[in-house]
Amino acid sequence: MQIAPGALATSAGILAAPHPAFAQHALAQHDARPWAFVTDDEARWLAALCDVFIPEDDYPSASQAGVVDYIDLQLATGYGRGDGLYLEGPFPAGTQQQGYQVPYPPAQLIRRGIAGIRASDAPDLTALDQSAREGFVERLSQDTGTYDDIPAKVLFDELLGLTNQGYFTDPIYLGNYDYAGWKMVGFPGAHAYYLDRVDDPGRNASPPPMGIAHDRAAQPRPPRAIRKDI
Amino acid sequence: MAYETLPKTDVVIIGGGWTGLTAAYELAHTGQRCVVLERGQKRHSVTSFGAPEEHDELKYALRYGHMQDVKKETLTFRNSRDQQALPMRRLGSFLPGTGLGGAGIHWNGQIWRPLPSDLAMRSHYEGRYGAGFLPDDLSIQDWGVSYDELEPHLDFFERICGAGGYAGNLNGAARAGGNVFEGPRSADYPNPAMKQPISNTLFGQAAERLGLNPFPMPSANVTKAYENPYGAQLHPCTYCGFCERFGCGYLAKADPIICVYDRIKDHENFDIRFHAQVLRVEKSSDGRTATGVVYQDEDGSELFQPADTICMSAFGLWNVHLMLVSGLGTPYDPETRTGTVGRNYAYQTIAAVDAFFDDSVSTTPFMGAGALGVVVDDFNGDNFDHSDLGFVGGGYIACKQYNGRPVSYQPVPEGTPAWGGAWKHAVRENYGHHGDMVIHGSSVSTPENYLDLDPTWTDAYGRPLLRMTFNFPDNDRKMSDYVMNRAVEIAEEMDNVTSVSSFNLAAEGQDYSIVPYQTTHNVGGAVIGTDPQTSVVNRYGQMWDHHNVFVFGACLFPQNLGYNPTGPLMGLAYWTLEHMKTDYLQNPRPLMDA
């Protein structure tokens, strides 16, 4: 990602508004880590979409919590390549009850779907303000059409699912940065031993979250900064 | 295709899960040389399922790390015969396992017995309500084996698992606090019931105030240090909340590896081969017996394993598939309603009720266990009067706390949007203030719900895919709605509840979908019985058409009862093994006249 130093002069230029996790990452605007799968354009589009699904409030938005980083890693690895997906043809159209019948693994589904939407008459999602983005996503959720050969409904469900996972799964997958999702609901994580307290309603406070690779001394790297002005 | 023929063995067993490993244990100890063919990998509870790595919701619960690979084997699905079935391209509605231990690794550990009337469903209803009571479009039938016959075997499996619970019927005497509707137990559970969290306790109190009979869910999440009859050591459950879809590295959820495999693996009569994908069963030239099985090994070579006796212990659906691709038995034809293989496929009818508490009740959903629940059985089976209800069957209502994994567990009140700020706020506010109820209902068999072979798609081994034709029968839609409304009444009676919502997956007008997870309780397709016109195996689990083939698993159920299948199917397994050991193996022949 090519980012001009100092371009973060106005906070309007970046989707992520300040929050504690983000503040720790003061040099985010210099972040030049390459994406594993998505392009910069796709990342901006995904960030705009994800932050409608999970906007910022007392807790970070999806992109602030690393959901785009999560989706990028997922699309670059087994899930995106179609692990656990039977892709033998033919591919006649089915009913909703018959599930996924698209002839592509998820990485291609999402790439083609985003490209299809961006090539359509729909406004550019990334250029809209938050309220207009919400309207865009609402329309996409009701869309019964196809983009290129990708049914909007299939694309939408896939992206909504990925966003949710990215916010709440273990930080080893790059989302849920600083345990944003786990702190929000009070989920203590992967280290779990509750024999002495499961039946004691007086001891219901959640222990602080600890992920699979929890190491207080070596936090995972914060999400990439995603800008819309380049 | 040319294949290498291996030295003959006494018994070849297809599948290394609960039934296959148990068959190997029991038969090896009677002097039978057993070869188990497991399609998946070797793994062990101690080395493969340890925390915290196993507590990875994405890898195991959402990407199905312990489940079978649909790239290799899947099925096609349609709701009715007038549709084209399409491949189940992704797992969803049900999750068969693969690898040592099979689905017994990622089960929840809910260990039930059938009601006596479940096993004689047709004769029970006709006896109580009259000969014409059951509608013509239901192919409900008796199992051909009674509760009294299965009781010692159900009891033994509970001992193998170190089950925890509280008996409601000890040798015919009812005990308050247990399931007063259950059949007589010859002994109490080997271990005490689980500790209960606040939501389950409030559910039980409300049910009691309504005059119902709550009791702790029977659990194979073990509650005390315990040694099973095979000598396996089990440990107390930690309530970690990673049961279903996960293996248990604490040795606290009974599974086929620690309970059975470890106790037989070094026996001189036991051999197991991993990555051994059985492709078909071979028949003798006169077709009366099977001669062995052809499998593909890790290197892709096809091998023929001859055997005197064959145990089909794959997951139920794949037992039926193997019969169909091997020409065992006669395939069911829904047009003529003849043939038996694939007939009476049934499922489980699931509904859910959510109770949301005010701030004075804080739940801790992450402290959970697969079988951590309080249950009401008053509306299961024929425990209630069906005279004027317009349906048969029923289900249990359980308030359970089995996981708080934050992607899978996002309870929100009815009317909450599916995303956005209001959704996010609702997830945050309700995660720790929720009572989780399930209506786990029976599933009747009908002539139109069945399994056969697909004409279009093939698996990675070139075999036609299994084709599933299934929709919820009207009977079950009504049943599920009725029992769900009883659960709503309990939820509304619970203390400190601010709102209640309900969802019936089998609601009127809603077709069964292969997409959302429901249960891995696929039953039928190779059913047990006393009439070769309507069953694949006789009441001993022996194929009518090939007497040296014995069949195990939930594929034997002629329709599904309101309980989870592992207890009943293991009761049947020990019943079959008993008759193999004491009768058949000394004198191989059909054990019943066709």
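Modeller: Let us begin with pairing: two strands count as paired if DSSP finds at least two bridges between them, and strands (E, at least two residues) and helices (H or I, at least four) are DSSP runs numbered from the N terminus. This is a predicted model, in which local features need pLDDT of at least 70 and side-chain atom pairs count only at pLDDT 80 or more, while totals for chains, interfaces and linings use all residues. Residues are numbered from 1 along each chain as its sequence is written, and chains are lettered from A and ligands numbered from 1 in the order in which they are written.

Biologist: How do you know that strand 8 and strand 16 of chain B pair?

Modeller: The definition asks for at least two bridges, and strand 8 of chain B and strand 16 (residues 373-376) of chain B have three, in the antiparallel sense. In one of these strands, strand 16 of chain B, B:Val375 is the bridge partner of B:Phe215.

Biologist: What makes strand 8 and strand 21 of chain B edge strands?

Modeller: The open sheet has six strands in the order 8-16-17-18-15-21 (chain B), with antiparallel pairing. Strand 8 (214-216) and strand 21 (497-504) of chain B each have a single partner strand, so one side of each is left without a neighbour in the sheet. From one strand to the next, the twist averages 25 degrees.

Biologist: How do you know which strands helix 6 of chain B lies across?

Modeller: Residues are in contact if their C-beta atoms, placed from the backbone, lie within 7 Å. Helix 6 (residues 198-209) of chain B lies across strand 8, strand 16, strand 17 (395-400) and strand 18 (434-441) of chain B, at about 20 degrees to strand 16 of chain B; such angles, from 0 to 180 degrees, are taken between N-to-C directions of lines fitted to C-alpha atoms, for helices over the stretch in contact.

Biologist: What makes strand 4 and strand 5 of chain B a pair?

Modeller: Strand 4 (residues 75-78) of chain B and strand 5 of chain B share two bridges in the antiparallel sense, and at least two are required. Across this pair, B:Phe77 stands opposite B:Leu86. Both strands belong to an open sheet with the order 5-4-20-19 (chain B), whose pairing is mixed.

Biologist: How many residues of chain A are in contact with chain B?

Modeller: There are 46 residues of chain A in contact with 56 residues of chain B. Helix 2 (40-53), helix 7 (152-168) and helix 8 (180-185) of chain A each give two or more residues to this side of chain A.

Technical notes
Contact = placed C-beta atoms within 7 Å.
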